[in-house]
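Opening the notebook on a new chain today.

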Amino acid sequence: MAAAPAPPPPAVAATFSALLHRHAFRSYRPRPFYARRVASNARAEAAEPESRGGRLGGTRLEEAVPAGEGRSRIDAWISARLGGGGVSRARVQASIRAGLVAVNGRPVSKVSHMVKGGDLVSCTVSELQPLRAEAEDIPLDIVYEDDHVLVVNKPAHMVVHPAPGNANGTLVNAILHHCRISTFTCLARNSTGDDYPDSSDDDVDVFDVDQFTTEVVSSEVRDALVRPGIVHRLDKGTSGLLVVAKDEHSHAQLAEQFKLHTIRRVYISLTCGVPHPNSGRIEASIARDPNNRIRMVAIAGSGHRYARNAASRYKVREVFAGGGSALVEWRLETGRTHQIRAHAKYLGIPLLGDETYGGTKSMALSLLRPRTPSKYHSALSDLISKVDRPCLHAALLGFKHPHSGKILEFSCPPPDDFTEVLGELRRVTSGD
């Protein structure tokens, strides 16, 4: 664990402080867009041209790999040449799988096929296909919207995208009803991939989204998850801010920002116990727990074959009940599946309510009851018994607008279930 990070800029710290103490507050700090709450049936005016995503189907590339250039993956090589035109790497991969890419006149089907100097590469970009997910009239808490992006405040217990066991009632179903956006379909990788019903943090590297012709791909791909415009993800139990791309160019640009870790993301959580020291940086790779498929595990070092590098910064904002719980701020350098939840467990402070990672009701009470006056025990027990999700909220999100280049930053307070627990913890602490 490294030394504590530098403090956040004053404006961000002030915004964060307001989030913690004002329940009915939402701020959007525009640079320099006009701040306003966008109703679900309204759109902010934008001057940028129409999306180019729908006109990219059939785009052709025929080019020789420069002599002397080292070996590289074909999907990466093609993406580097077409990405500036709004073609995402995932769409290039879809074109490869559909048989629309050849090297030296011979079709290739593997996205990991290696090309080298002198190879002649030809590619035809696949056409966009209709979405196979139903629009549903589900209310959306829209924080911002224009012709290219949509920022929503996702409620806890809402799954982001359709998946086995969650075909309806997802954020994607709601988005499809709200506005017509490009269709993106996840290309399943293998049976040990990172997608399962109760997962979906915001690991942009784990999943690829794009359109493809379902008639010419395998049944594995046809059965893959449908995710229109989803650039990053939040767990089912996590509330807070999430950005959605409304065209392919925006999707490609936002995905690149996530890949380069230039997206600003701040989460807040309630933990079982208090981390020591009270601020720091965790760098512990994350892999799937071999004993529990729906859980990830943080691993020190890099020896695990399937572990992926993960880094988080944390800072304790408040301590409750003499160390029985804490309000902790998290800033992500990477975005692995369940990253905060796994890193919190790694520190020995699982998130309150996170049954999967050890933040059980019994653990919370075992830490809180001995540290609080007995007159609060009954109220604490009743409140903790009602916690039915990890107390984790995506409070702040900032990114560069994919068309205008302007920096946008949004924040929103945690929902009532979070603030109710927070308020009670403050009450028993002040009473003590």
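My entries follow, going from the whole chain to single residues.

**Ground rules.** I am working with a predicted model, where local features need pLDDT of at least 70 and side-chain atom pairs count only at pLDDT 80 or more, while totals for chains, interfaces and linings use all residues. Residues are numbered from 1 along each chain as its sequence is written, and side-chain values use heavy atoms, with hydrogens and water left out.

**Whole chain.** I looked up the secondary structure and got ten helices and 20 strands in the protein chain. Those are DSSP runs numbered from the N terminus, helices being H or I with at least four residues and strands E with at least two. Of the 432 residues, 55% are buried. For the record, buried is under 20% relative accessible area, exposed is over 50%, and partly exposed is in between, with a 1.4 Å probe and protein chains only. The accessible surface is about 18200 Å², and carbon and sulfur atoms hold 50% of that; the method is Shrake-Rupley with a 1.4 Å probe, and for residues only the protein chains shown count as cover. I also looked at contacts (heavy atoms within 4.5 Å). Among those with a separation of 6 or more, 74% are between residues 24 or more positions apart.

**Four-stranded sheet.** I traced an open sheet with the order β2-β7-β4-β5 and antiparallel pairing.

Val 101 sits opposite Cys 123 in β7.

Back to α2: its buried residues include Ile 74, Trp 77, Ile 78 and Leu 82, and Asp 75 and Ser 79 are buried as well. Their cover includes β2, β3 (72-73), α3 (89-97), β4, β6 (114-115) and β7.

**Other strand pairs.** β8 (residues 142-145) and β9 (residues 149-154) pair in the antiparallel sense over three bridges, and they form a hairpin with three residues between them. Ile 142 has Val 152 of β9 as its bridge partner. Further along, β14 (residues 279-283) has four of its five residues buried. β14 is joined by five bridges to β17 (residues 311-320), again antiparallel, with Ser 279 opposite Lys 315.

**Gln 339.** Is this residue buried or exposed? Gln 339 counts as buried, because its relative accessibility is 0%. Gln 339 lies in helix α7 (residues 339-346). Its side chain makes a polar contact of 2.8 Å with the side chain of Thr 334, and also reaches the backbone nitrogen of Arg 336 at 2.9 Å. Polar contact here means a pair of N or O atoms within 3.5 Å; within protein, one must be able to donate a hydrogen and the other to accept it, and residues adjacent in sequence count only if both atoms are side-chain atoms.

**Lys 400.** I found Lys 400 in β19 (residues 392-400), partly exposed at 44%. Lys 400 and Ile 263 are 137 residues apart in sequence, yet 7.9 Å apart in space, C-alpha to C-alpha.

A cis peptide bond joins His 276 and Pro 277, with omega about 0 degrees; Pro 277 is in the loop between β13 (264-272) and β14. His 157, in the loop between β9 and α4 (171-178), has a positive phi near 80 degrees without being a glycine. His 261 also has a positive phi, about 60 degrees, and is in the loop between α6 (248-259) and β13.

Key
Pairing = 2+ DSSP bridges.
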